[in-house]
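Please look over the sequence and the model shown below before reading on.

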Amino acid sequence: MPNMSLKRVEMPVQDGKVRSGNIDEVALGYTEEMAVEEANRCLDCKHKPCMQGCPVSIHIPDFIREVKEKNFEKAYEILKSTSSLPAVCGRVCPQENQCEKYCVRAIKGESVGIGRLERFVADWARENLKEETSKIPFNGHKVAVVGAGPSGLTCAGDLAKLGYEVTVFEALHMAGGVLVYGIPEFRLPKSIVQHEIDALEKMGVNIECDSVIGRSETIDELFDEGFEAIFIGSGAGLPNFMGLEGENLKGVFSANEYLTRFNLMKAYQEDSDTPIYRAKKCVVVGGGNVAMDAARSARRLGAEVTIVYRRGMEELPARYEEVEHAMEEGIEFKLLTNPVKVIGKDGWVCGVECVEMKLGEPDASGRRRPITKEGSNFVIDCDCMIMAIGTSPNPLLRSTTKGLETNAKGCLLVDEKGMTTRKGVFAGGDAVSGAATVIQAMGAGKKCAASIDEYIQSKL
C-alpha cells in the first residue's frame, strides 16, 4: 500500500552534543525497513518530474520502485547505469534544489527522500555485493583527464565504459578532488570515496597522482604523447578574500587551506604530520556549504564558533540540513552582519570589526542586496578567522596553454558541447562554472565524455 504520510521518514543522526566531539559521520542512514517505508511514498509518476532536476539523469522512479520490492541489487544497477558516484551523491547533493524540488509529493507535504534512498541503496550494495568490475575491450584511443575530482572521475568512468584508455592526472597525492580535501569526514567518509575510485581503477582507469599539469607536463605535451582529446576538470581551488585591513594577520585562513589540513591531511589526529591551529574562538565568514564545513570542523577542534553572513537566514546558500546540524552543534549565527576590518595584536588576529546590514532591493543574483547600517560597528573577539566566500579556478593551465581562453573570472570558455577554445580540449565542472555543486560537476563530466567520444569517432 502507498505510504501517504505528508512527512518523509526521518533519518537517524548522532546527537549534536556528542558528534561535535568526534569526526564520525553525522547522518546514520536508513535501515531496510525505513528505506522501504520511504520508497512507498513515491507515486511512480508517469511523467517522472523528479528526473528533470537531476544533472546526471538518474532514473529515479525506476530505482525507487525496486526499493519498494526490496530488490536492492536491481535498484543499485539502475543507479550505476547513469551515476559513477551514487554513495557520494546520496550524501552531499542538494537534492532539495534538484530532484526533490520537482517531486509531486512536495505539493502537499514533504518530497520523497530521494537522496536518502540513493544513499541507502549505494551503502547496501557496498556492504552486500561483490562487484565484478572488468575492463572493457580497448577501442584503440587514448584520452587524458586533468583532475580527479567529481567531474574528472565521472568523465573518466564514462569514457572507460566506451573502451577508451583513460589516464587521470591529479595534482594532489590522493584522488577525489574536493571530495577528499574539501568535504569533511563527518559529512562524507573518505572510505566511501575510495571505494568509488577503486571501482573506476578496476574498470581500467589509470590515475597518476602528484601530476601538476602545466608544471610537470603541459597540455601540448599530453597531445604529443598520443592522447587524442583532453578533459580539464581541475576545479576551482583558488580562494577568494575580501581585501580587508588586517587580513594578512596570523590566524586568518582561507577555508581551502583550513579544510585541506583538516580533511586531506587529517590534522585532527594527534599523530598527523600536518599542523592545524586549534582556536579558542573562531569567526567564519560566509554562508555556503563550505562555511558550514569549516565552522563545524573548527567546532570539532574545540573552538567556540560564530558564522558571520551579510544576508539573512532565508538567503543562506548552504543546505538547510547543514545549517540545522551546525546549530545543533552549538555554532552561533550572526546574520545581517559583514566584516569590515581584522583587528590584530602582536601579529595575530584578536578580533573582527563588523557592521550590521539590512536588505534592500534584489541585485543581479536575484537576492536582496545587503546595505550597511551606518554607525552600527561592533567587534567580535576571536583568535582565528576563516574566509569562506568562494573560490576561483587556478590560472596555471590558461597561462601555460596557448589558445585556452577564459572569462573575466578565470573560468574556461566552452561551447555547447564542452569544448574549449583549444581544439580537442574539453572542460567542465568548477573550472568552467566557478564553485558549484558536486552533482553539477558530475553532470558536466558526463556531458563532456559523450562529446569527446563524438569528437574522436568523427575523425575516423
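**Charged pairs**

The side chains of Asp123 and Arg91 meet in a salt bridge, 2.8 Å from N to O, a salt bridge being a side-chain nitrogen of Lys or Arg within 4 Å of a carboxyl oxygen of Asp or Glu. This is a predicted model, in which local features need pLDDT of at least 70 and side-chain atom pairs count only at pLDDT 80 or more, while totals for chains, interfaces and linings use all residues. Residues are numbered from 1 along each chain as its sequence is written, and side-chain values use heavy atoms, with hydrogens and water left out.

*Salt bridges*

- Asp123 and Arg91 are both buried, where buried means under 20% relative accessible area, exposed over 50% and partly exposed in between (1.4 Å probe, protein chains only).
- The structure holds 27 salt bridges, and one of them joins Lys7 to Glu110, with the closest N and O atoms 3.6 Å apart.
- Lys7 is exposed, at a relative accessible area of 56%, whereas Glu110 counts as partly exposed at 27%.
- Arg300 forms a salt bridge with Glu329, their closest N and O atoms being 2.9 Å apart, and Arg300 and Glu329 are both buried.
- Salt bridges that share partners join Arg300 and Glu329 into one network, whose members include Arg19, Arg187 and Asp293.

*Surface patch*

- Met4, Leu43, Val104 and Ile107 form a nonpolar patch on the surface, with about 390 Å² of accessible area together (Shrake-Rupley method, 1.4 Å probe; for residues, only the protein chains shown count as cover).
- Patches are made of residues with over 30% relative accessible area and no salt bridge, like charges being joined within 9 Å and nonpolar side chains (Val, Leu, Ile, Met, Phe, Trp, Tyr) within 5 Å.
- Met4 counts as exposed, at 51% relative accessibility.
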